[in-house]
Structure formats: structure tokens, C-alpha cells
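Here is a short briefing for a first look. The sequence and structure come first, then the notes.

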Amino acid sequence: MARILVLKGSKKLLNAWAFYDWANSVYSLVISSAVFPIFYGALFRVAEIEKVTVFGGEIARAPLISYTTSLAFVFIAIITPLISGIADYLGNKKIFMQFFCYLGGLSCIGLNWFSLENIYFGLLCYFFGLVGFWVSFAINNSYLPDVAYPEQQDAVSAKGFSLGYIGSVLLLLVNLAMVMKPELFGITTDVNGVAEIKAMKYSFVSVGIWWIVFAQYSFYYLPKGNKREGVRTNVILNGFNELKMVWHQLGNQTRLKRYLGAFFVYSMAVQTVMLIATYFGEEEIGWGSDSERTTGLIISILVIQIVAIFGASVTAWASKNFGNIKTLIVINALWVVICIYAYFLITPTDFYIAAGCVGLVMGGIQALSRSTYSKFIPETKDTTSFFSFYDVAEKIGIIIGTFLYGFIAQFTGSMRSAIIFLGIFFLVGMLLLTRVRPLKKPL
């Protein structure tokens, strides 16, 4: 494929960057939030078991997938800064982005063979699907200051998230039609005699194909990266040296350091909410039947995604008129209110209202956090290394947030108490944001 050179700030380049969200967001919705959790539980229900033997010991289904997820994020947190430093040093981060995109997409396709009999292979595909998604997403984030000028970054960041929400909802609707009416798609029963499970497996294949195919548009226009001068020896060591240099630069960047501290705290809560929302709704809400529970959870996921499109756009408008930091403070305050409201949820209607509120602030806080960080980093060619700190902070937050949430829920015997705990994180994040000094122009 011929290399296409386009100017920074051009419409083609901005669209290509934002379009990667369209390509890979189907993973976060279909695999992480909607279809895979239902599929995973269905495998155990059909087999009428709750535990499997892994590495010589028996383990229940929930801890098994939880531990696999945590291990994946530990791996992501370690490898992201390493890859970022090497990519900046070699001046070719696009090749790394392509590698992890294909790794993630092919792993999604591999989930088609996920079964209790092939549990190791299935978990490996799940593991590398997570790795491929988050690492390629981190590299794409690092392109933002390379492709857009500061005054463009809020809008194009919001556009990326909006495209991601739209694309993922479209594919999810098709996947849900496959699962609910498999006969319309010519899907027959699988080895377990359940056509729905086979339809779910096909949905995983559709995610992998969608991700890889649509990513080609982004790869066609995105530049290789910023070329660095010097002798290329001890590349791995130089990658760590780049990160060490960035760490020292953070010491002189008070504004950036304070912002990263605030981001770490509130992002910990945001990501945990996104990961546990479905489980909270399944356990704590009074659904009338199993079918109502499944339908209700799917509807709530769609509500979050659709409302998030509007939320990202509203947040971009607010940041333009009131500044990024002030807008983030307000969004964190709204999150605190949502957490308090969630503590009292009882009926499905209550849950749908909460889902709409989460969608409104979820898209906004993610898009604005990314563009705000992009504006705060100093003038440098090492954008990938700087963004690796951003992404590693997010991943470590996920590890800590999900662990603490599970511990508190287990200790108190209630997921509602854990939700209030997350509200405290948002409150602290809001207070830390008040210490971040804006730029001279509204930010």
C-alpha cells in the first residue's frame, strides 16, 4: 500500500484518526460489555457446571474470567510504555498499531472456538483480544497531537468517540438479531444443541473482521510516526530510557503532573463502572424473569452507547465555551450524583434512567480527558511515550478499581456499598482537578 502524506490538521487526516474508534470500538461493546459476558455464562449453564479445572485446580467461572482480565491489564500496563518508547525511538509507531490491531482482531475471530473443552485456547484469545484492543488504542491516542492542532483536538476527540459509539451500536444490533433470531440468518444448533451460542460465536468473528477491515482507512492516511535521530542500538533499553526521560520531564511539568493525578483517580472509577455495570444490574435489580433480565441488560447497554454519542458532543461544546478543566469538574460532580442514585436502584426503570445518565457523562469524560492531556503535554516529538503514561495510568486504575470494588462488595456483601465507594473516587478526582492551573486560554 502506497504511503499517503497529508498535512497536520487536514480533514482527511483528522477523519482517518477518528475513524479508528469506529473500527475498534465494536470490541469494547460486543466483546467486553454485551455478547461475550452472556456467551460465557451460557457455556456454563448449558454444561450445568459452575467450575472448571485449570492448571490442576478447580475454579469458578466468575473468578476465572476476572483473573484473566486482571492479568491481561497487568500485561498491558507493562508492555504499553515499552512499545511506546521503542515506537518513538524507531519513528514508526504505525507498524506497532497495525500489529496489535491484527492481534486483537484475529483473537476475536479465535473466540469462535471458545469452549469448555478448549478452555486454554479460549482464554488465550480473550487475553490477547484485550491486549490488542488497549495497546492499539493507546498508540492511536498518541497520534492526536501529531494530527490535530490544539484548537482542533477537543472536537476531533469527541468525533472519534461518537463514531465509535455509532459503529459499535450498529454491529451490536446485527449481532443481537443473530442471537435472538438465529434461524433468520441460517444458523443451526451447535454441538451443545443451542443455536444462540453458535450465533454468539459468529458475532465474535464479525467483530474481528469489522475491526481489521475498517482500520485500513486509518492506516492508509496516518503517518509512520516521528523519526528520531541517532544510532539505533539497544532498542529495548532505549525504550526504557525514553520513558525515564519523560518521567523526569513530568517533574518539571506541575500542571501536567497534577492533571495526571486527578485523571488517575477519577478514571479508576470510570473504567470500573464500565466493567461492572452489567453485573450490578444483573444482581441488584428486581427483574421479573431471566428473559426480562437478559433483554433489560442489553437495552441498558444500547441506551448507554446511544446517549454517549450526544454526551461527547455536548461535552465538546461545553469545553469550548467554559474550558476543559471546569467542564471535567462538573462531569465528575455529576458522576458523584449518579453513584448516590445507583445505591437506591430497585426497579428496571430505575436502572434504565441510570444507564442514560451514565451514557451522558461516560462519552464526555473519556473524550475530554484525552484531548485535555494532549494539550497539556509539552512540545515534543515523543508523543507516544507521553501518551503511554496516560494509558498506563488508566490501566493501573482499572486493576486497582476492579480489585477494590470486588473486595468491598465481598466484605460488605453488597455491590451497592461498592458503588458509593466509587463515588468517593469521583469526589476526590473533582477536588484534585481544582488544583490544575488552566492555560492562559480557556482549557
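This is a predicted model: local features need pLDDT of at least 70, side-chain atom pairs count only at pLDDT 80 or more; totals for chains, interfaces and linings use all residues.

Residues are numbered from 1 along each chain as its sequence is written, and side-chain values use heavy atoms, leaving out hydrogens and water.

**Helix pair**
- The axes of helix α11 (residues 324-343) and helix α12 (residues 348-376) come within 10 Å and cross at roughly 155°.
- Axes are lines fitted to C-alpha atoms, for helices over the stretch in contact, with angles from 0 to 180 degrees between N-to-C directions.
- Helices are DSSP runs (H or I, at least four residues), numbered from the N terminus.
- α11 and α12 are therefore roughly antiparallel to each other (angles over 145 degrees).

**A buried aspartate**
- Asp21 lies in helix α1 (residues 11-47).
- Asp21 counts as buried because its relative accessibility is 1% (buried means under 20% relative accessible area, with a 1.4 Å probe and protein chains only).
- Not counting residues up to four places away in sequence, Asp21 touches Phe137, Asn140, Gly160, Phe161, Gly164 and Arg370 (contact means heavy atoms within 4.5 Å).

**Salt bridge**
- The whole structure holds 1 salt bridge (a side-chain nitrogen of Lys or Arg within 4 Å of a carboxyl oxygen of Asp or Glu).
- Glu394 forms a salt bridge with Lys395, and the closest N and O atoms are 3.0 Å apart.
- Glu394 counts as buried at 7% relative accessibility, and Lys395 counts as buried at 1%.

Methods: Helices (H or I, at least four residues) and strands (E, at least two) are DSSP runs, numbered from the N terminus. Angles under 35 degrees count as roughly parallel, over 145 as roughly antiparallel, 65 to 115 as roughly perpendicular and the rest as oblique. Buried means under 20% relative accessible area, exposed over 50%, partly exposed in between (1.4 Å probe, protein chains only).
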